[in-house]
Amino acid sequence: METKRAVTMEKLVNLCKTRGIIFPGSDIYDGMGNTWDYGPVGVEIKNNIKKAWWKKFVQESENSYGVDAAILMNSRVWEASGHTASFSDPKMDCKECKARQRADNLIENYSKGEVNPDAMSQEEMQEYINEHQIKCPICGKFNWTPIRNFNLMFETSRGVTEGNQNKIYLRPETAQGEFVNFLNVQRSTRAKIPFGIAQIGKAFRNEITPGNFIFRTIEFEQMEHQWFCKEGTDVEYYEEYKKCAWDFLLSLGFKEENLRYKDHDKLAHYAKCACDIQYNFPMGWSELNGIHNRTDYDLSRHQEYSGKNMNYVDSGNGEKFIPYVVEYSIGADRLMLAVLSEAYDEEQLEGGDTRIVMHFHPAISAYKVCVLPLQKKEMGEKAKALYKTLCKHFPCTYDEAGSIGKRYRRQDEIGTPFCVTVDFDTLQDDTVTLRDRDTMEQIRMPISELASYVENKIKY
Ligand code: GAP
């Protein structure tokens, strides 16, 4: 039986705005659809998520290497990858109000998730929409153009002189930066197959979305890892990466009951097999990350389009071959939404109050400690000095405004794992009270032991 969770999207959006986690993009201009800005707390949390991912998939991976490739790539890259020809969504324009909608979203919403448009051809989608007379969600009329495919890549142009402009694209995935650097990385590191190339970076897609906060945005960050292996070993590695991706989520504190695997019904043009890990988001089960067996598609296509030999040469037996690739791809922002959803809780306190608390893994929390002087006047100086010392060890924050209870609540809401209170006794014996976010228990401890105690607790 599923237990009812306190989290809703509305609560998250409000909390994120008031606590400096995420703000609507271009807020003072009434926003810009599907863009969001990370605030002082949010940027730290997202950076910690990216650091945790990098640690697991680069630092702790025996044979994986990082890159940071350019967002703007030669347009031929996107011809080779297949994005120019087929990276598109089926869309329809409402002839009455001119709103553009995704045909698959219309079907999914109309059928309340009962019908899976991913398993339908374009003709089947058109038939379904006509048969059920699915109306425009904006104006309520049924007067659509036929379904047409719209490419999701954002175009821009290169060149400063008029008439000398070349069309280029903002990358729609980071993966191609890893493929085009396959030989550069392999030769410079002398890596032997199997090995991995990882990257974290921005990607851009001209998507229409129903507005589920940062779930699907037009500008987002991907964390992608390509595992280059020999044909025949790809199936085994595909299974291994499914497990690694799952274990990574558990290591961040996700409950297994909120995760599930889902095989793709319709495979992307490059994939032999593919699956998602879905998360039970506040709006329902949806894709959190993907694991794809991309075969030798990408490297073969780059060989064909660039004219450069993409063969790997086995230094042992001299064998030459184009490696297969198992890809693990997850959006940093989408993972951020999942982390926020998983952490959110409302707890009833004695006395009838409710506290909102974000139970982040301590490694993910923006600040590890908040230093609080019981009274600003008497203990402010001592508390500030302690704050400055602790900041050298890990990110800390300082709060001297309002009652101690209110200050604890503010830290609970941004998920700070520890609060340290400097009180009258501190001035006498150099001990402080350390309060645990999750249990709310308090212990007394000498200042000299504080940094190493916290360092132990925040390890990832
Ligand atoms: N290189 C493979 C690839 O890009 P994808 O399934 O299109 O595959 C991988 O994207 C992951 O990137 C998704 O599982 C999701 O976490 C994230 N993602 C994709 N589109 C996104 C968007 N518009 N906004 C936020 N995250 C997105």
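Mentor: Let us begin with the overall layout. The C-alpha centres of domain 2 and domain 3 lie 55 Å apart. Please bear in mind that this is a predicted model.

Trainee: What makes up domain 1, domain 2 and domain 3 of the protein chain?

Mentor: Domain 1 consists of 2-78 + 158-342, domain 2 covers 88-151, and domain 3 covers 367-457. These bounds come from an automatic or database domain assignment.

Trainee: How do you know which residues of H2 and H9 meet?

Mentor: Contact means heavy atoms within 4.5 Å. On the H2 side the residues are Ala52, Trp53, Lys56 and Phe57, and they meet Tyr241, Cys244, Phe248 and Ser251 of H9. By class, this contact of H2 with H9 comprises 6 nonpolar, 1 polar and 1 charged residues.

Trainee: Why is Asp247 called partly exposed?

Mentor: Asp247 is part of helix H9. Partly exposed lies between the cut-offs of 20% for buried and 50% for exposed. Asp247 has a relative accessibility of 31%, so Asp247 counts as partly exposed. Asp247 and Asp276 are 29 residues apart in sequence, with a C-alpha to C-alpha separation of 14 Å in space.

Trainee: What makes His83 buried rather than exposed?

Mentor: His83 lies in helix H4 (residues 83-86). Buried means under 20% relative accessible area. Because the relative accessibility of His83 is 2%, His83 counts as buried.

Trainee: Which residues is His83 in contact with, leaving aside its neighbours within four places in sequence?

Mentor: With those neighbours left aside, His83 is in contact with Trp78, Asn151, Met153, Pro172, Glu173 and Gln176.

Trainee: Which residues of helix H10 are buried, and what do they pack against?

Mentor: In H10 (residues 297-306), the residues Tyr297, Asp298, Leu299 and His302 are buried. The buried residues of H10 pack against helix H3 (75-81), helix H7 (175-179), helix H8 (182-189), strand S10 (219-229) and strand S13 (284-295). Just after H10, Gly307 has a positive phi of about 75°.

Methods
Residues are numbered from 1 along each chain as its sequence is written. This is a predicted model: local features need pLDDT of at least 70, side-chain atom pairs count only at pLDDT 80 or more; totals for chains, interfaces and linings use all residues. Side-chain values use heavy atoms; hydrogens and water are left out. Helices (H or I, at least four residues) and strands (E, at least two) are DSSP runs, numbered from the N terminus. Ala, Val, Leu, Ile, Met, Phe, Trp, Tyr, Cys and Pro count as nonpolar, Asp, Glu, Lys and Arg as charged, and the others, Gly among them, as polar. Buried means under 20% relative accessible area, exposed over 50%, partly exposed in between (1.4 Å probe, protein chains only).
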